[in-house]
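Dear colleague,

Please find the structure below for your records. My notes on its aromatic residues and on one helix contact follow.

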Amino acid sequence: MRQLWRNRRAPAAPSPFDLIDFAIVDLETTGWVPEEATITEIGAVLVCGGRVRAQFSSLVNPGSAIPEQVAVLTGISDAMVASAPPLATVLAGFLSFAQGCVLAAHNAPFDIAFLTAACKACNLPWPAFQVLDTVALAHHLLGEEEVADCKLATLAAHFNTRIRPRHRALPDALATADVLTALLRRLAATGVRTLAEAVCINREGGATQPQAVPSAQPRPSDAETGLSAP
């Protein structure tokens with residue numbers, strides 16, 4: 001488990017969202033729903049003022065075999081996770097990393113469903129995170145004439161992110177961080193000035209707050225993310 005570096009102080013900037021700490025998270029899992037699958041990797045980045053301030057990355061020993069189709073997609077094999085920390089250890093580290101931040105993810109209901117289920121399984125309290133979903137924000141801000149869809153790969157190419165997604169948690173979190181930064185700039189240009197307004201727009205766009213996720217919500221494979229597996 002790696003917490004690579006950390007510096008939460010951001011320089012002054014004109015955007016209304018530049019003083020907010022965002023923890024952008026991405027998961028790799030053994031399947032699509034928490035009742036039938038578990039987490040194999042957690043990657044997260046702390047962004048403030050449009051700059052990455054810290055990174056968190058760890059494989060997770062799922063305690064069971066990784067299905068072959070998932071291993072092919074992600075490149076995460078049983079051998080790679082055999083010596084990885086257990087879920088409870090990695091999850092506690094991630095929650096400490098994200099403490100006090102606004103949580104963000106691409107297709108956030110999928111990640112939040114797995115994280116909340118993991119907390120329940122590990123007897124860890126789930127913090128009252130505010131959550132932003134880059135899928136919902138993209139649907140609100142981008143028209144069909146601008147992007148063909150709101151898959152992470154499509155948005156990463158559209159916004160020319162520094163790292164392109166590749167079905168691994170940390171690279172995908174880094175790509176999502178750049179997408180989020182670009183979307184928040186667009187949102188601010190429309191006159192949105194507060195996080196509360198952004199969260200409201202996010203909810204209208206279909207994002208789900210963590211306390212409202214009652215059960216697993218599958219990650220859309222084609223319509224949203226372009227993933228054929230987690």
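Phenylalanine 110 and phenylalanine 114 are both buried (under 20% relative accessible area with a 1.4 Å probe, protein chains only; exposed is over 50%, partly exposed in between). The model is predicted: local features need pLDDT of at least 70, side-chain atom pairs count only at pLDDT 80 or more, and totals for chains, interfaces and linings use all residues. Residues are numbered from 1 along each chain as its sequence is written, and side-chain values use heavy atoms, with hydrogens and water left out.

The whole structure contains four aromatic pairs (ring centres within 6.5 Å, taking the six-membered ring of Trp; planes under 30 degrees apart are stacked, over 60 edge-to-face, the rest tilted). One of them, phenylalanine 56 with phenylalanine 97, is tilted, at 5.7 Å centre to centre and 40° between the planes. This pair joins distant parts of the chain, strand 4 (residues 51-59) and helix 3 (residues 87-98), its members being 41 residues apart (helices, H or I, of at least four residues and strands, E, of at least two are DSSP runs numbered from the N terminus). Phenylalanine 56 is buried at 1% relative accessible area, and phenylalanine 97 at 0%. Phenylalanine 110 and phenylalanine 114 also form a tilted pair, with 5.0 Å between centres and 45° between planes. They lie four residues apart in helix 4 (residues 108-121), so about one helical turn separates them.

Leu87, Leu91, Phe94 and Leu95 of helix 3 meet Leu115, Ala118 and Cys119 of helix 4 (contact means heavy atoms within 4.5 Å).

With kind regards
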